[in-house]
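Have the model open in a viewer, coloured by secondary structure. The stops below can be selected one after another.

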Amino acid sequence: MADLFFLIGRDGVDIDANFVKSKFNDSTTVISVHLPSYSPSVGMDRDEWANAHHQHGLDLARVESELKLRDVVLFTIPNPTQTYLGMLQVWNSPSSVYDIDSVRIPWEEVKEHLKRTEPEKAKGWKPDPRNNPAGKNPTNFWHFSTLPARQKPVPTLFGPSEVLPITISSGLEKELIERILNAHSSANDCIYVWGGDGDLKDMKEICASMGRDFNAVPSGTPDELVPIPVPIDDLPVSVTADPIVIDGSKPQGANEGNIVSIMAYIQDCRDGLASLPEGVLSHGVTSPPYNIGYDPFNEPKPDATGALVVPVREGYEDSLSPGQYASLLKSTFDGMDEKADETGFELFLNIKSNYADASCDLPFYMLRLMPERWKLLDVLIWRYDISFDPGRGKYKPLYEWVIRVGFGDVKLPAMGMLDWYIPILKGNSDERKNLKHPAMFPRELVNRCLTESARNASMVVDPFLGSGTTLSACLEMGVNAVGFELSETFVSDIKERFTWVKHIGDGNLKQV
Ligand SMILES: C[S@@+](CC[C@H](N)C(=O)[O-])C[C@H]1O[C@@H](n2cnc3c(N)ncnc32)[C@H](O)[C@@H]1O
């Protein structure tokens, strides 16, 4: 018999951590509902995200049965008060039966939906192992109710419901709970719930209707919060005596007298940042190296003769030790902070969770590498519509994070955690076909970040330029920008991307 813990939360009451952990075994699953705290004056709680392993008073990273964070599912909140999105953490033992498909919409449900809505299409329809019939994959982003955000949601097969959702006492949708119970438990399994009195009553009813055994988790003494240490090893500073300079500057719009300054330097960003003038940076938009050794691309694949060869990704080395990687990030954050405008600076850091070794590593430990004065302003979601990774032959998450941090005179929205749907630059698109870089973000993402900031952008920096997307987006917006890229391989990409900018904006972020 499997146990499922469903942790919703109780204000002002501590969980009995020892009771919960005494019940853990190899087939236990813990679902932790995380409704992030947010305030329009300071943003999010930096520690809450940096210590995401400490959930509802349980240190889930340090339990004897070695639970692992297997996946994170984002879901829309029907009546949001602080954030538009919530997060479900799924923890269980790597030896238990779990794969990412368990958080997906089951194929039978897809077929039933088709039968109701498009009966013609349903005839002879077979599950497509790569995607659902609408061409979109409703994966670890669960979209239930209408999102009151600015951005229209992507039209997935299971788009926002027209009717008002049924919610339990705390505001979670009943459908979300039923989907979890279906995916992670069977009839007669034991469901332990940590929730307020109203939630306990509602959950008891749901469990009874689904033939599950209901139990309330008792209150008691929680686990102490002990941050997971981030190791920092030395990384040699590579001094680039004569960086290659790529000048993409152009006259700005109708006013030929104004020049948009766009400069790319092929050099280590730590050297490059050090050479910038004091107080020059108003914003940063970047996506650091993933540091995952680029496995999907390194796996041997057959060549034209059928022989298995490891594909060569020229110039893309992405496998520092964790300590060296932390050191690179820390010195880059410090380098930006040293050259930041003292009145205000914001960084938009695009990063994804790393799925490896049957677990999902969240990137929020990076907050602990940032200067003390940087606040966690918001956590934004960049969602796209491709979730099949051909390299691994597997589904991958449908979204990435954009961590918004900064200090000083910044403008925050009334609610946090917006969901942005922005398609990736597809491999067969004209803009991409001559480019070498394997991990580009779209220009639109840079535009959206700077527009979200709603502050004058006097100089944007991207320390990890890759193909130079940030610079070409800034050129398009008419905003000055500077960036650094370690590998000479991407010089041609950076130059090529400038040629795709046909219209130079006037620097007014709201109008682009
Ligand atoms: C994830 S990619 C950035 C992709 C970029 N956002 C784009 O749209 O093309 C990270 C890049 O950082 C570069 N990089 C790694 N270490 C660096 C360093 N110390 N200084 C500058 N660039 C570095 C890598 O070569 C890689 O191209």
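Begin with the open sheet of 7 strands, ordered β9-β7-β8-β2-β1-β10-β11 with mixed pairing. Strands here are DSSP runs of E with at least two residues, helices are runs of H or I with at least four residues, and both are numbered from the N terminus. Two strands count as paired if DSSP finds at least two bridges between them. At the edges, select β9 (141–142) and β11 (213–216), each of which pairs on one side only.

This is a predicted model, in which local features need pLDDT of at least 70, side-chain atom pairs count only at pLDDT 80 or more, and totals for chains, interfaces and linings use all residues. Residues are numbered from 1 along each chain as its sequence is written, and side-chain values use heavy atoms, with hydrogens and water left out.

Next, select residues 3–9 and 190–195: these are β1 and β10, parallel to each other over 6 bridges. Within that pair, Asp 3 stands opposite Cys 190 of β10.

Then select helix α5, residues 174–184, which lies across β1, β2 (29–34), β7 (68–76), β8 (85–92), β9 and β10. Helix α5 runs at about 155° to β1.

Finally, show the whole protein: its secondary structure comes to 12 helices and 28 strands. Of the contacts with a separation of 6 or more, 76% join residues 24 or more positions apart.

Note on methods:
Contact = heavy atoms within 4.5 Å. Axes fitted to C-alpha atoms, helices over the stretch in contact; angles between N-to-C directions.
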